[in-house]
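Here are a few notes from my read-through, written for someone new to looking at backbones. Have the viewer open as you go.

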Amino acid sequence: MLEIRNVTVRYPSMKDNALNSINLTFHEGDFICVLGKSGAGKSTLIRCLNGLQKPASGEIVWDGLPLSTLHEEQLQKVRREMGMIFQHFNLVPRLTVFQNVLTGMFGYRSSFKNLIGWFTSEEKSLAKQVIQEVGLTDFMDRRVEHLSGGQKQRVGIARALLQQPRVLLGDEPVASLDPGTSDRIFSLLKEMHHRHKLQTIINVHDVQLAKRYATRIIALKEGEVIFDGKPEQFTDDMYVHTYDASGYSERPYTLTT
Amino acid sequence: MWFKRRSIITYTLLALFVYLSMKLTEFDLSKFRDFRNMIDFLSHWFPMDFSLLPKILEDSLETLAMAFLGSFFGLLIGLPLSFMAAKNTAGAPFVYHLTRVGLSFVRSIPEIVFGLILLTALGLGPFPAVLAIMFHNIGVLGKLISELIEASDPGPQEAMKAVGAKNWFASLFSILPQIWPNVLSNYFYRFEVAIRTSLVLGFIGGGGIGQRLFNDFKTFQYTAVSLDVLVIMIIVILVDFFGSYVRNRVI
């Protein structure tokens with residue numbers, strides 16, 4: 001179980017808190033979409049969960065373990081149980097699909113073995129298996145920079161799956177993809193969510209996508225949770241409140257000054 | 001429209017600096033009145049004395065070896081140091097500052113000064129020259145590569161941390177593939193510079209074709225000098241070609 005207790009995050013460059021005393025509990029089996037405007041604190045929330053971002057106060061608790069009490073090595077063990085995918089995919093450039101996916105295993109192996117790139121045939125076949133799951137078998141030996149955006153995100157997903165994680169975190173994984181590709185990526189994520197029993201927590205901008213796939217929606221605004229519930233409870237009014245938008249008559253606020 | 005009164009001051013100052021610099025460097029085109037002397041002098045360079053070719057090639061090989069070893073050891077030592085001299089990978093601020101200061105210190109000492117010191121201490125020959133080239137290149141490559149590291153995309157590094165890799169390994173593994181073509185490109189440029197440097201180091205007793213060129217010149221054997229120069233030019237061009245070939249293969 002993953003819990004956020006009273007977490008506040010502050011960036012030195014910003015006046016307001018990125019997250020303001022947030023409390024959330026994530027249950028196994030949920031497919032959670034986090035909504036909110038840019039700067040609402042979505043990314044910060046996701047990055048706190050695997051310790052990439054340290055809270056100023058409060059605590060992230062994973063399986064009863066408060067992350068702040070862990071030292072570096074223990075934190076790395078927690079991280080390998082949480083796969084993460086990113087908006088800009090964050091693949092290692094100039095390596096092939098296969099090589100990139102293999103990096104998902106790095107947390108389980110010694111740095112020396114990782115450095116010389118020595119993998120057992122068992123490890124390699126595990127990697128091939130996840131590559132097949134995301135449908136990239138034909139592109140295994142292709143360098144990642146020669147792939148399309150959707151394919152790159154599939155590599156990201158395969159890398160995360162190879163960690164054999166219990167949690168999958170997504171920091172705007174479809175924000176730079178077209179609507180059709182976004183939908184296919186989400187349906188792949190949903191499939192993996194069921195097959196690998198992943199607890200999935202993903203940031204999205206696309207409300208339609210969130211309502212279609214999520215089992216629970218969380219909306220953030222100015223570092224605070226303003227909605228936490230079932231997708232069907234996320235009404236149009238809530239949408240307007242979350243995004244400060246009024247549907248088709250959106251008024252650019254810069255004109256009022 | 002674009003000519004401002006303030007520009008007059010700028011141009012006047014610029015003209016003044018050019019004039020002063022010409023005075024200081026005794027820049028005087030009227031000296032070309034004796035241009036005939038130069039042609040006369042250069043005519044002594046030909047025909048080239050090809051009987052010396054085997055010895056010249058042997059010395060060239062020594063020069064190449066000096067330049068290669070010096071710059072390669074420079075890369076070998078400079079590369080790890082560059083990670084300590086980059087803000088995003090240094091870890092502690094004092095490591096970053098200390099390495100930066102150290103690198104600019106070795107960089108600020110010209111190879112010829114290293115050469116003069118080491119040649120006195122270790123005796124004549126190519127070995128002190130290799131060390132001189134190495135020291136300077138540690139400073140130069142360390143700084144250049146640290147700047148590549150600082151400009152690299154932080155995304156992959158974050159991803160490698162997220163899979164649970166150790167922090168130092170996450171940095172190394174995600175940054176090195178990104179900067180590798182540029183590292184090679186910088187290295188080959190430094191290799192090329194090292195060839196020219198080793199010529200100068202030859203003048204002060206560092207061996208190689210530089211020393212031969214210097215000796216031939218001082219003993220008025222101009223038909224040998226011309227061949228020395230020709231061979232040096234060919235070597236520099238070949239290294240340049242080889243460098244761009246390797247770079248294209250890597251990218």
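**Notes on the backbone and the annotated spans**

1. Let's start in chain A: R94(A) sits in the loop that runs between β6 (82-86) and α3 (97-102). Keep in mind that this is a predicted model. The phi angle of R94(A) is near 70°, which is positive even though the residue isn't glycine. Most residues other than glycine have a negative phi.

2. Which loop holds E222(A)? Look between β9 (216-221) and β10 (224-229) of chain A. E222(A) is another non-glycine residue with a positive phi, here near 45°. With 15 C-beta neighbours inside 10 Å, E222(A) counts as partly exposed.

3. Over in chain B, check the peptide bond between F46(B) and P47(B): this bond is cis, with omega about -5°. Most peptide bonds are trans. P47(B) belongs to the loop between α2 (35-43) and α3 (53-84) of chain B.

4. An unreviewed UniProt entry lists residues 64-86, 112-135, 193-214 and 220-242 of chain B under "transmembrane region". How far apart are the end C-alpha atoms of residues 112-135 of chain B? They lie 11 Å apart, and the span is 88% helix and 0% strand. For residues 193-214 of chain B, the end C-alpha atoms lie 19 Å apart, with 95% helix and 0% strand in the span.

Notes
Residues are numbered from 1 along each chain as its sequence is written. Chains are lettered from A and ligands numbered from 1 in the order in which they are written. This is a predicted model: local features need pLDDT of at least 70, side-chain atom pairs count only at pLDDT 80 or more; totals for chains, interfaces and linings use all residues. UniProt positions are given in the numbering used here, feature names are shortened, and annotations may be inferred rather than shown by experiment. Helices (H or I, at least four residues) and strands (E, at least two) are DSSP runs, numbered from the N terminus. A residue is buried if 20 or more other C-beta atoms lie within 10 Å of its own, exposed if 12 or fewer, and partly exposed in between; C-beta atoms are placed from the backbone.
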